[in-house]
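Subject: Structure handover

Hi there,

Here is the structure I promised to pass on to you. Please have a look at it first, and then read my notes below.

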Amino acid sequence: MNTAGSVAYGWGALIVAAGVSFYYAKKEIDARRRDQQLRGARPTEKLSWQEKVAKYEQPAAAGQGGGMSQDIKQGLNSLATSRPGQTDKATMQSRPTGVDTTHNGTGSQTER
């Protein structure tokens with residue numbers, strides 16, 4: 001049976017392990033960010049999401065490539081024009097048994 005001491009020891013070990021993992025992960029992420037910044041691959045300015053979208057779409061408007069591909073745009077347009085509440089009804093089937101059964105709401109099954 002777990003005693004209060006063993007539970008406290010378990011939680012303590014978990015917290016220490018999480019702290020050590022966090023330390024090494026943060027160290028690695030910071031090193032990667034520094035490396036990207038030195039190579040010029042990481043932007044230094046902080047942008048809002050609207051500014052990021054505008055910056056991403058700007059090369060596409062100028063005809064320089066970049067931006068969203070035509071397939072992605074068509075997929076987004078089809079999602080935007082779909083009707084609310086309209087879903088494709090997917091069916092799940094188990095292996096065929098030859099007997100079609102449904103639940104009648106009472107917990108028992110009835111044959112159709």
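**What I found**

Read along the sequence, the elements of the chain follow the order α-α-α-β-β. That makes three helices and two strands. Please keep in mind as you read that this is a predicted model.

**Overall surface**

The chain has 112 residues, and buried residues make up 1% of them. Its accessible surface comes to about 10700 Å², and carbon and sulfur atoms account for 56% of that.

**Salt bridges**

How many salt bridges does the structure hold? The count is three, and here they are in turn.

- Lys-26 pairs with Asp-30, with 3.8 Å between the closest N and O atoms. Both residues sit in helix α1, four residues apart, which is about one turn of the helix. Lys-26 has a relative accessible area of 41%, so it counts as partly exposed. Asp-30 is also partly exposed, at 26%.
- Glu-28 and Arg-32 meet through their side chains at 4.0 Å, N to O. These two residues also belong to helix α1 and are four residues apart, about one helical turn. With a relative accessibility of 52%, Glu-28 counts as exposed, whereas Arg-32 is partly exposed at 46%. The value for Glu-28 falls on the exposed side because the cut-off is over 50%.
- Asp-35 forms a salt bridge with Arg-39, where the closest N and O atoms are 3.4 Å apart. About one helical turn separates Asp-35 and Arg-39, because they are four residues apart in helix α1. Asp-35 is partly exposed, with a relative accessibility of 40%, while Arg-39 is exposed, at 57%.

Which residues form the positive surface patch? They are Arg-33, Arg-42, Lys-46 and Lys-52. Arg-42 is found in the loop that lies between α1 (4-39) and α2 (49-61). The relative accessible area of Arg-42 is 31%, so this residue is partly exposed. Arg-42 can still be part of a patch because membership asks for over 30% relative accessible area.

Trp-11 belongs to helix α1. Is Trp-11 buried or exposed? Its relative accessibility is 55%, so Trp-11 counts as exposed.

**Aromatic rings**

A pair of aromatic rings is described by two quantities, the distance of the centres and the angle of the planes. The count for this structure comes to one aromatic pair. Tyr-23 and Tyr-24 make up this pair, with 5.1 Å from centre to centre and 75 degrees between the planes. The arrangement of Tyr-23 and Tyr-24 is edge-to-face, because planes over 60 degrees apart count that way.

**To sum up**

Methods. Residues are numbered from 1 along each chain as its sequence is written. This is a predicted model: local features need pLDDT of at least 70, side-chain atom pairs count only at pLDDT 80 or more; totals for chains, interfaces and linings use all residues. Side-chain values use heavy atoms; hydrogens and water are left out. Patches are made of residues with over 30% relative accessible area and no salt bridge: like charges are joined within 9 Å, nonpolar side chains (Val, Leu, Ile, Met, Phe, Trp, Tyr) within 5 Å. Accessible areas come from the Shrake-Rupley method with a 1.4 Å probe; for residues, only the protein chains shown count as cover. Lys and Arg count as positive and Asp and Glu as negative; His and the chain ends are not counted. The place of a charge is taken as NZ of Lys, CZ of Arg, CG of Asp or CD of Glu. Buried means under 20% relative accessible area, exposed over 50%, partly exposed in between (1.4 Å probe, protein chains only). Rings of Phe, Tyr and Trp (its six-membered ring) pair if their centres lie within 6.5 Å; planes under 30 degrees apart count as stacked, over 60 as edge-to-face and the rest as tilted.
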